[in-house]
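Good morning. Please have a look at the structure on the screen, and then I will go through a few of its parts.

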Amino acid sequence: MSQIDDSTRDMLCDKIAAGLASGAMREDIIDDIMDSDVFSEKRAALIADHEVAMADGAGAQTGRDEAIKAGVKLKKVWVCDDDPCPICEENQDAGAIDNDDVLPSGDMAELAHVNCECHTESVVENDEHEDDDDN
């Protein structure tokens, strides 16, 4: 089953959102998805891992937005896992970019693809015009 119909997508969204809202552990979200009898354990784990990582990335993006609004000078960087693909390497090679900029992959934050284990991190910008004449 390569395509998920709208009712199945809605069911997954509800189960994942409920799990995240309640602070459920990964295994509990997987079990809840498997209770639908639509997905194998492997597929349920893939879906849960992917969606939770996407939610983490969106949360980090929002957190950076709020910090920037509060006056913190932040940028974001892509951090690759131990065995990155070319898409993720290109994201990492972009270095520190503005939080509202899109990564080379076209994403704002993790994930860049299915089975991606990379993530974004916040970096604080240095003040480049510090006053050295404090004597």
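Leaving out residues up to four places away in sequence, A44 touches I30, I33, M34 and F39. Keep in mind that this is a predicted model.

Where does A44 belong? A44 is one of the twelve residues in the largest nonpolar core. That core also includes I30, I33 and F39, along with I4, M11, L12 and I16. The largest share, four residues, comes from α3. As background, nonpolar side chains in soluble globular proteins tend to be buried together. There is also a second, separate core of ten residues, with A53, W78, C88 and I97 among them.

Now the two helices. Helix α2 runs over residues 26-34 and helix α3 over residues 41-69; their axes come within 9 Å and cross at roughly 125°. Because of that angle, α2 is oblique to α3. The crossing of α2 past α3 is right-handed. On the α2 side, the contact is made by R26, I29, I30, I33 and M34. On the α3 side, the residues include A44, A45, I47, A48 and V52. Sorted by class, the contact has nine nonpolar, three charged and no polar residues.

Last, N99. Is N99 buried or exposed? Its relative accessibility is 3%, so N99 counts as buried. N99 lies in the loop between β2 (97-98) and β3 (119-124). Again leaving out residues up to four places away in sequence, N99 touches Q61, R64, D65, I68, K76 and M108.

Key:
Residues numbered from 1 in each chain as written. Predicted model: local features only at pLDDT ≥ 70, side-chain atom pairs only at ≥ 80, totals over all residues. Heavy atoms only, no water. Axes fitted to C-alpha atoms, helices over the stretch in contact; angles between N-to-C directions. Parallel < 35°, antiparallel > 145°, perpendicular 65-115°, else oblique. Left-handed = near helix turned anticlockwise from the far one by under 90°. Contact = heavy atoms within 4.5 Å. Nonpolar A, V, L, I, M, F, W, Y, C, P; charged D, E, K, R; others polar. Buried < 20%, exposed > 50% of the residue type's maximum accessible area, 1.4 Å probe, protein only. Core = buried A, V, L, I, M, F, W, Y, C linked by side-chain atoms within 4.5 Å.
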